[in-house]
Amino acid sequence: SGFSLLEAGSVRFKNTQNILAKNLLVVTLGFLCWYIIGYPLAFGVPTARVPPRFAGSNHFAMDGFFDEKSRFRNWFFQG
């Protein structure tokens, strides 16, 4: 909210609503990308292939996420 207030104060009054909508859109898209792609690549366990993969290949879109409660906590605070 602080950054939104900073940007709203930096533009003319007629553009304030557009800036706030843009900030909301950016945060929403950022969390959706983290939800679908970011977390599995960062914290997923690579499959047993030779050579080993660079990134994880499971937990896409929270697949099997609620089997262990600490995964949700890590996802939320890393996002």
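I'll start with the outside of helix H1: the face turned away from its buried side carries the exposed residues Phe-3, Leu-5, Leu-6, Gly-9 and Ser-10. Exposed is over 50% relative accessible area, buried is under 20%, and partly exposed is in between, with a 1.4 Å probe and protein chains only. Helices here are DSSP runs of H or I, at least four residues, numbered from the N terminus.

Some notes on the model. It is predicted, so local features need pLDDT of at least 70 and side-chain atom pairs count only at pLDDT 80 or more, while totals for chains, interfaces and linings use all residues. Residues are numbered from 1 along each chain as its sequence is written, and side-chain values use heavy atoms, leaving out hydrogens and water.

Now the other side of H1. Buried there are Ser-4, Glu-7 and Ala-8. Seen down the helix axis, the buried residues of H1 fall within an arc of 100°, so they line one face; the arc is taken from the directions from the axis to the C-beta atoms. An α-helix has 3.6 residues a turn, so residues three or four places apart point the same way.

What covers that face? Helix H2, residues 16–43, is included in the cover. Take Ser-4, which lies in H1, residues 2–10. Leaving aside residues up to four places away in sequence, Ser-4 touches Leu-20 and Asn-23, where contact means heavy atoms within 4.5 Å. Its side chain also makes a polar contact with the side chain of Asn-23, at 3.3 Å. A polar contact is a pair of N or O atoms within 3.5 Å; within protein, one must be able to donate a hydrogen and the other to accept it, and residues adjacent in sequence count only if both atoms are side-chain atoms.

Next, the charged pair. The structure holds one salt bridge, that is, a side-chain nitrogen of Lys or Arg within 4 Å of a carboxyl oxygen of Asp or Glu. The side chains are those of Glu-7 and Lys-22, 3.9 Å from N to O. Glu-7 is in H1 and Lys-22 in H2, so the pair ties together parts 15 residues apart in sequence. Glu-7 counts as buried at 15% relative accessibility, and Lys-22 as partly exposed at 39%.

Last, H2 itself. The buried residues of H2 include Asn-23 and Trp-34, and its buried residues pack against H1 and helix H3, residues 69–78.

Methods: Helix = DSSP H or I, 4+ residues; strand = E, 2+ residues; numbered from the N terminus.
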